[in-house]
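Subject: A structure for you to look at

Hello,

I am passing a structure on to you, with some notes on what turned up in it. Please open it and keep it beside you while you read.

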Amino acid sequence: MAAWLFSFTLLSGSVVGLNNGLARTPPMGWNPYNVYLCDTVETQYRSAAHALVQSGMRDVGYRYLNLDCGWQATERTPSGTFMWNETRLPSGVPALADYVHGLGLMFGLYSDAGYFSCDFDSGSDHWLGSLGFEQSDANTFAAWGADYLKYDNCYGVNSFDFADHYPPIQEEPHYTVMRDALQQTNREFVYSICEWGVQDPARWAGSVGNSWRISNDIGPPVSFESLRRIINQLVPITQFAGPGGWNDLDLLEVGNVGLTDAEWRFQFAFWAAAKSPLIISTDLTTASAEVLGILGNNRVVAVNQDPLGKSVAFKRRYTDNYDVWAGPLADGSLVAVLLNWMNAQQSIIFDFADVGLVSADLTDLWTDTDLGTITASFTATVDAHGALIYNLRDGVQAVPPQFTTYLASAASNTLTGAASLRSLNASAAVVGYIGYGSTLTFTGVDGGTSGGTKLLSLTYANADYTFYNSDCSNCRRAEDKYVSMAGL
Ligand code: GLA
């Protein structure tokens with residue numbers, strides 16, 4: 001186990017962001033998909049661009065006006081050139097790009113690493129994909145004035161399988177060929193990889209794209225379960241985000257039906273602190289002052305755009321109750337996000353030991369309230385499915401807790417039912433198939449002699465990778481309600 005952890009640390013340290021000089025902080029912009037699905041028309045793109053400026057969002061940092069599915073034609077020109085949908089975009093893409101640039105914004109296009117793009121025109125004809133046409137399409141997109149490319153993953157395996165979540169091919173080459181084609185154009189493109197996290201892109205896409213989706217779509221329709229699913233999927237990969245290459249948690253749902261206003265803030269605080277691209281996907285022409293207040297919260301946006309570019313990392317889950325995540329900022333302070341998973345408002349104790357501190361000067365970043373110097377813990381009320389986001393300055397470090405490690409694979413442990421031992425490599429083994437009545441019992445755990453409490457930290461990989469909101473949300477979760485502690 002120790003050898004495995006060591007090599008993992010080396011790997012994470014060696015990943016660097018794509019060296020195209022772009023996205024040194026997470027990209028910010030607007031995308032139509034959660035508002036208009038694949039039906040967006042030119043007037044809506046223009047209104048959205050105008051609204052980015054009018055609402056003040058451009059000046060907050062939302063610079064990219066991106067297109068998503070449905071802007072493409074279903075056939076190339078006779079010479080094989082990519083073409084736009086002339087019904088939806090009567091003035092054409094170059095004119096739209098000019099309009100967007102004229103507003104002081106950048107312009108993004110969308111294509112697909114497969115035979116076709118996702119979804120259909122009027123339920124039958126496929127929209128164009130770029131597989132096999134990468135250099136030609138990159139040249140075309142550059143000539144039209146694009147500054148950003150979202151590159152999707154439908155029909156990547158063959159021309160009839162819409163979305164293969166277990167593709168029998170390596171997807172990375174589909175993405176590197178477009179990376180190289182974009183670089184050949186000599187136009188600067190932010191390159192946004194959208195393969196839905198199916199082949200662990202965090203582990204390879206750092207040198208391929210400026211961001212990579214880590215999960216299946218957030219919506220539409222969105223529900224709080226989507227946020228839970230995506231956040232759980234982020235736990236093991238926060239260390240792969242950095243300047244030039246970011247974990248993409250998917251579009252913002254702030255302002256959309258399906259989430260409460262507390263859940264909008266929950267998403268925004270977490271996405272910002274996890275250094276996800278912040279891509280608005282709501283109708284800004286009708287957005288309320290509250291929605292603009294969330295999207296425009298300069299302190300939370302500043303966390304996202306912090307030049308150090310470190311994601312918050314998972315620190316602790318209080319079972320079915322609340323999470324603590326934290327990470328460093330460039331000025332030496334920390335940002336911490338506390339997530340209330342409960343369906344009810346509650347009082348949350350922020351224990352500074354969970355972020356390695358004894359005391360610190362605490363600021364509530366939502367409200368810009370200076371809470372003074374706090375020692376040991378801070379108690380705050382948080383809405384149902386709400387989030388708290390704090391800055392901790394001038395922290396006094398705590399002595400890190402000392403843990404004794406007990407391996408699941410130890411020969412002295414007892415397995416029942418389907419639980420079984422599996423070797424990963426010459427030096428590491430895991431116990432799998434725990435749950436549904438199958439158990440693992442550790443023996444010889446030192447409970448101490450002096451009474452009191454002990455902190456138990458469980459490292460657990462959930463292999464029940466779920467892709468849909470309707471699945472059980474990450475089915476077999478390791479939580480203390482499933483852990484019996486006889487004798488402790
Ligand atoms: C995929 C992507 C989404 C969106 C749709 C468009 O599902 O993951 O973000 O682009 O395609 O059809």
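Below are my notes on the cysteines and on one arginine.

Before you start, please keep in mind that this is a predicted model.

**The disulfides**

How many disulfides does the structure hold? There are two.

One of them joins Cys38 to Cys69, with an S to S distance of 2.1 Å. Cys38 sits in the loop between helix H2 (33-36) and helix H3 (42-54), while Cys69 belongs to the loop between S2 and H5, so this link ties together parts that are 31 residues apart in sequence. If you look along the S-S bond, the angle about it is -90°, and the link of Cys38 and Cys69 is left-handed. Both of these cysteines, Cys38 and Cys69, are buried.

The other disulfide is formed by Cys118 and Cys154, whose sulfur atoms are 2.0 Å apart. Here Cys118 is part of strand S4 (residues 116-121) and Cys154 is in the loop between strand S6 (148-152) and helix H7 (172-184), so the pair ties together parts that are 36 residues apart in sequence. The link of Cys118 and Cys154 is right-handed, with 95° about the S-S bond. Cys118 has a relative accessible area of 7%, which means that Cys118 is buried. Cys154 is buried as well, with a relative accessible area of 1%.

Is Cys194 buried or exposed? Cys194 is buried, because its relative accessible area is 1%.

Now for the arginine. Arg76 lies in the loop between strand S2 (64-66) and helix H5 (93-102). Its relative accessibility is 17%, so Arg76 counts as buried, the cut-off being under 20%.

What does the side chain of Arg76 meet there? A polar contact of 2.9 Å joins it to the side chain of Asp137. A polar atom of the Arg76 side chain also lies 2.9 Å from the backbone oxygen of Gly129. Leaving aside residues up to four places away in sequence, Arg76 touches Thr81, Phe82, Leu128, Gly129, Ser130, Phe133 and Asp137.

Enjoy looking around!

Best wishes

Key. Residues are numbered from 1 along each chain as its sequence is written. This is a predicted model: local features need pLDDT of at least 70, side-chain atom pairs count only at pLDDT 80 or more; totals for chains, interfaces and linings use all residues. Side-chain values use heavy atoms; hydrogens and water are left out. Helices (H or I, at least four residues) and strands (E, at least two) are DSSP runs, numbered from the N terminus. Buried means under 20% relative accessible area, exposed over 50%, partly exposed in between (1.4 Å probe, protein chains only). A polar contact is a pair of N or O atoms within 3.5 Å; within protein, one must be able to donate a hydrogen and the other to accept it, and residues adjacent in sequence count only if both atoms are side-chain atoms. Contact means heavy atoms within 4.5 Å. A disulfide is a pair of cysteine sulfur atoms within 2.5 Å.
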